[in-house]
Amino acid sequence: MLEHGRISALQMGMMLYSSIVTTAILYLPATTYNYAGRDLWLSPIPSAILSVIIVCLLYKLHDLYPRASIIQYSCSIVGRIGGKLIGAILLLFILSISNQGLWQYGEFVSSYFLPLTPQVVILGTISFASALAVCSGVEVMGRLSDLLTPLLLFMFLIILILLLPDIHVKNMLPILGNGVTPILKGSYFSNLWFCESLFITFFLPFLKNLEKGRKWGIVSVFLLLFTVMSMNLVALLVLGNATGSFNAPLMNAVQYINIADFLSHLEAIVMASWIAGAFIKMYVFYYVLALGTAQWFNLSDYRPLVFPIAFLSIVLAIWQIPDVTAFRVYMQTVNSVVGPLLFIIIPLFLLLIAFLRKNKQKEKQVEQQQ
Amino acid sequence: MRRWLGLIGVISMCLLTGCWDRVELTDVALIKGVGIDRLGDGTIEVTVEIAVPQVQSQGGSEGGAALGSGGLMKVVTRSGKGKTISDALEHIQEQLPRRLFWGHSEVIILNEKLVREGIREQVDYFVRSPKPRIRSYVFVTKEKAKDLLSLQTLLYSPSEILWDMAESKTLMNVTLVDVLQMLDSGDVAIPLVTKVPPQKGKKPNETTAYIYRTAVFKKDKMIGSINDELTRGVMWIRNEGKDTQIALLPEGEKGYISLTLLRKETKLVPKIKGDKWEITVKTRTEGAIVANETNIQVKSPEEIKALEKQLAKQIEERLNKTVQKVQKEQKADIFGFGEAFERKYPKEWREAKDEWDEIYPQVDVKLDTDATILRIGAGTAMTKR
């Protein structure tokens, strides 16, 4: 057993939620706006449906192969070579999106707040802290998210409330003015984030209350949907047609807060709680990578892998992405296709084969009994 | 082993020089407002109004210094020339021992010559760079923006005065975000600012600035301006602004009845009938009588009813005048008619979007005004005779 700690289903849900929402509220609204226009807030709905399907698939798989993750049971389902191949593809892709997550964090911090600080320092500090959290085991990670997720939720609530005076409801009209197609185009980009709910496969084996695993997985997806929708909507209602003019519309909307000429310049506070979210995101990614790699190699411990992976991820974040435009094009072409495809097709495929195999086994048992 | 690790730790601390973005209050020059002028040779001149945080006892004027914020901050202006805004800002930075800090910049003044060439080019810098605030108010001036920012005002600095005036919403106020929205959906309107003529015996720069008239743009180029009465009409149609004063001249009377319109609500109701585009400006307003010079007693419901009718008529006259000037003459869609059509008829709009410039002046504007007089005041100076 690689991990001795146990977390509750609620903690798993919170980790899942925070790790996805942090970057989803950043650049996604602008991309979605460019395709879905005024209906950008409806775009996450199709993605969330996919996300719920993934949660159910993985829960079912975990039912069939208890106390194992997708890296482990893929071997027992499709055989050693096929299973290892699937595991490797998944891990490599997760590594690549983890670098991108880290890069987004660094890019955002340095463009808005610390322009003179070297990128390595910004990336290094968060990676180091996250790696330490991962080394302390899943229990510590769960408790950290206990501590930080409410902070994140509180921040969203504060943003919503403080922006209410600047909201113009007419900005969202007409709803569905151009039909459903723009919404689907928009959700094509949010799919990747929502499909990261695949990560529950790495946490399900360590749940204290497994029977609640699916419930909290789905609850966290819905909370995510609600957050992304409301943040998209509030950015749209405040900025209107100008939503597409900004890279991170929500950040600009927060800059716009001005209550009675007194409560303004709040972006630093928002930033502080947002970094807490980025911290959760990074340690969840590192944990998934370290644990997954250890399972792939059948190692007895994942901890020695954590720091090398964190280091690799910093280096790759700097090497992999040359500039913002390259990142955007990559995000919109490769990632948005490959990510959801991998994260849906692989579990679906595994579940199908697993069902067929179980049936065959049953038939065999029946034959033997006869 | 432990000792060695500790030693490595201590040595590596020397490598961490850290705090690249550290900024102390005494190191920054707080920009309060920015002005941009066009120079003859194709370059631009950027002027920044800087508040230097310091203790009052250090007083003494320097350059074009004015006392702002009750004298706690010293305000100076600095100008720099360059091909672009950032180029000019670099020249300003050369003249300053402190680093320019954008966190409190809330006013942008653009010279008329510049915006006649286009406003998008100038606004882009303030949106692209994350440092300037997007809630900054944007103004256009016919004078030199530099002169306005270096006015020797009392109590408040020129940018603070303009900011407060914009915030009070008596005339139009337009932030950077509003400009972006208007650029995207129609034509732009931005308040004009000018100097109050100096009193006799004072120096030309010992006066103050105020918002006067509104600059009207076609797409992103300024084409003209409208006076304050029409500006209020535009604000009326855009459903903006706070209370308004109206002087009503009742039929057959010599004096005026002054009214304050406390609440007003305007809705644009678009309609497309075949090829005919039509928009109804639906206005509901509530007023209170604040002065009465006439012989009308304003006591009976009949009198009030009659006055309400005349009030509605007078409002319609003003709106008609506004529409005449802005829609028929200047052909600028600063009312948001295009947006109203887009919201109601998204399909038709998509097809007609490209011809909107031709359609817009032909749009039939109908007025539907309803005025209510709620209060007649606390007392009266009228005597029964």
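Domain bounds here come from an automatic or database domain assignment. The structure is a predicted model, in which local features need pLDDT of at least 70, side-chain atom pairs count only at pLDDT 80 or more, and totals for chains, interfaces and linings use all residues. Residues are numbered from 1 along each chain as its sequence is written, with chains lettered from A and ligands numbered from 1 in the order in which they are written.

Q: What makes residues 24-226 and 228-385 of chain B domains?
A: The domain assignment of chain B gives them as domain 1 (24-226) and domain 2 (228-385). Their C-alpha centres lie 33 Å apart.

Q: How do you know which residues of domain 1 and domain 2 of chain B take part in the contact?
A: Two residues are in contact if their C-beta atoms, placed from the backbone, lie within 7 Å. The contact takes 17 residues from domain 1 of chain B and 17 residues from domain 2 of chain B. On the domain 1 side, β9 (209-218) and β10 (221-226) of chain B each give two or more residues, and β9(B) gives the most, with six. Strands (E, at least two residues) and helices (H or I, at least four) are DSSP runs, numbered from the N terminus.

Q: Why is L224(A) called buried?
A: A residue is buried if 20 or more other C-beta atoms lie within 10 Å of its own, exposed if 12 or fewer, and partly exposed in between, with C-beta atoms placed from the backbone. L224(A) has 26 C-beta neighbours inside 10 Å, so L224(A) counts as buried. L224(A) is found in helix α10 (residues 213-239) of chain A. Not counting residues up to four places away in sequence, L224(A) touches Y17(A), I20(A) and V21(A). The C-alpha atoms of L224(A) and I20(A) are separated by 7.8 Å, although the two are 204 residues apart along the chain.

Q: What makes a set of residues such as the one with Y283(A) and L110(B) a nonpolar core?
A: A nonpolar core is a set of buried Ala, Val, Leu, Ile, Met, Phe, Trp, Tyr and Cys residues joined through C-beta atoms within 7 Å. The largest has 206 residues, and Y283(A) and L110(B) are among those with the most contacts inside it. Helix α12 (residues 267-296) of chain A supplies the largest share of this core, 15 residues. Leaving aside neighbours within four places in sequence, Y283(A) is in contact with S130(A), A133(A), V134(A) and M141(A).
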